[in-house]
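Please read the points below beside the sequence and the model.

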Amino acid sequence: MIKFGVAKDIVTPAERTTVMGWGTEFGKYFENIHDDLYVRALILQDAADNKVILVTMDLLFHDDTLPDALRDYIEDKYKIDRNCLHVSYTHTHNGPVLKGYDFTYYSESYEAFLFDRVCRCIDRALINMREGILEYGSVAGEWNMSRRCMVDGVMNFLPNPDGNVDKNIYMLKCSDTNGKMRALLMNYSCHPSNLEANVTLQLSAEYPGRLCQRIEGNHYGCTALFFQGCGGDSKLKQGMKSSRFQQISHDECDEVAGAMATRVNQSLVRGDFKKLDVCLKSKVFKIPLPLEIYTKSYYQKIADNNDVKSFYHIYAKYSVTNYDTLPDTLMLNCGAVQITPDLYIFSMGGEPSYDVKRVLQDMMGEKVVMFFGYSDAIAYIPSDKMIAEGGYEADGSVYEYRLKGRIAPGVDELYTSYFKCVIGEFN
């Protein structure tokens, strides 16, 4: 038996805020709300009273200030170790601008509102603890596709049917003592921001939010949670029209979420889940990633180029102005949770890609690794293989994230050594 608590709360802005959208929407206010945005919290507690708090939000992502403040909150109010809290974001671009990725248009009043709502969500999960069991399962489907395609020796942002992506939805199912499913955690890897241009000023939780809605609609009394995985180099297959990815409508987004929900529900009906003998351990930590430094002139050219998106100009100008004080090392926020000695959750900041998970999965051998990305807003996170190949995720996005240079080779060893050390502490 374990104890678990689950809750959700709305985080849709109650004021007009600017929307993240794409570069062309930078600085524009949202026009209406297509579907609401939520924070969801799942708390697990084993027989030894060890706790893990997993929080996910239907937002793009945020800098360290939010999870750090939340860790202070659980320590001060509940005396829960800050290493127990893991925060992630589904990465919808159809949400409000937040601190971290943006430094120009974010709303201080929305930031305060968001912090309060997340705290209340954790509070309600903690007063909603009940006994039950935890089970693990997974399903696979053809819903995502790699967006890294090598053409004439150059890595392009194009559909690649032969590229590697994680096709599995990994699930943790919490059932009460009556056998009723009360929470379903789903972990899947596919970059959102797929909605067509005429709806980018509408707030939406995109396919992750719709998937949760469908599961909850089919299972009265259950709260569904979506944790974005290693989605930095994949997009919905639904958007592959002709030879390029194109944006999709809300109806097409609903079709994808419906197909995912059908597969998940079939697995639930069949009972394709394994009961877990839970033994919780948890830690958050940082990995220092050295950068290959770019010249100031690199950023100046982008700042002076009127053909690129407006926010690229602003970010490049920031890098030029602050070049001498930009750090030479990127601090990557990471976390590890032992659910059982054979099942782990690894979390990582920024936008990690599938090959990063492959590196860590190879290290873990036959043990199951659920991989949560997007725990902060620092950069695309590549593997050594991706750095050698180049492309947007490895070096083209440097100015977008206001980095002083691209992440340097040698990261695979850093990832494995740090995670291996933490797993060693667990054992």
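1. Y399 is buried, with a relative accessible area of 14%; buried means under 20% relative accessible area, exposed over 50%, and partly exposed in between (1.4 Å probe, protein chains only). The model is predicted: local features need pLDDT of at least 70, side-chain atom pairs count only at pLDDT 80 or more, and totals for chains, interfaces and linings use all residues. Residues are numbered from 1 along each chain as its sequence is written, and side-chain values use heavy atoms, with hydrogens and water left out.

2. A search of the whole structure gives 25 aromatic pairs. Rings of Phe, Tyr and Trp (its six-membered ring) pair if their centres lie within 6.5 Å; planes under 30 degrees apart count as stacked, over 60 as edge-to-face and the rest as tilted. One of these pairs, F103 with Y315, is tilted, at 5.5 Å centre to centre and 35° between the planes. F103 lies in the loop between β5 (85-89) and α2 (108-126) and Y315 in helix α6 (residues 310-321), so this contact ties together parts 212 residues apart in sequence. Helices (H or I, at least four residues) and strands (E, at least two) are DSSP runs, numbered from the N terminus.

3. Y312 and Y399 form an edge-to-face aromatic pair, 5.1 Å centre to centre with 80° between the planes. Y312 belongs to helix α6 and Y399 to the loop between α9 (392-396) and β23 (405-407), 87 residues apart. Y312 is buried, with a relative accessible area of 12%.

4. One aromatic cluster includes F61, F103, F157, Y315 and Y401. R402 lies over the face of Y315, 4.9 Å from the ring centre, and K404 lies over the face of Y323, at 4.8 Å. A charge sits over a ring if NZ of Lys or CZ of Arg is within 6 Å of the ring centre and within 35 degrees of the ring normal.

5. An open sheet of five strands has the order β21-β19-β18-β17-β23, with mixed pairing; two strands pair if DSSP finds at least two bridges between them. At its edges stand β21 (368-372) and β23, each with a single partner strand, so one side of each is left without a neighbour in the sheet. Strand β19 (residues 343-348) runs parallel to β21, joined by five bridges. F346 stands opposite F371 in β21.
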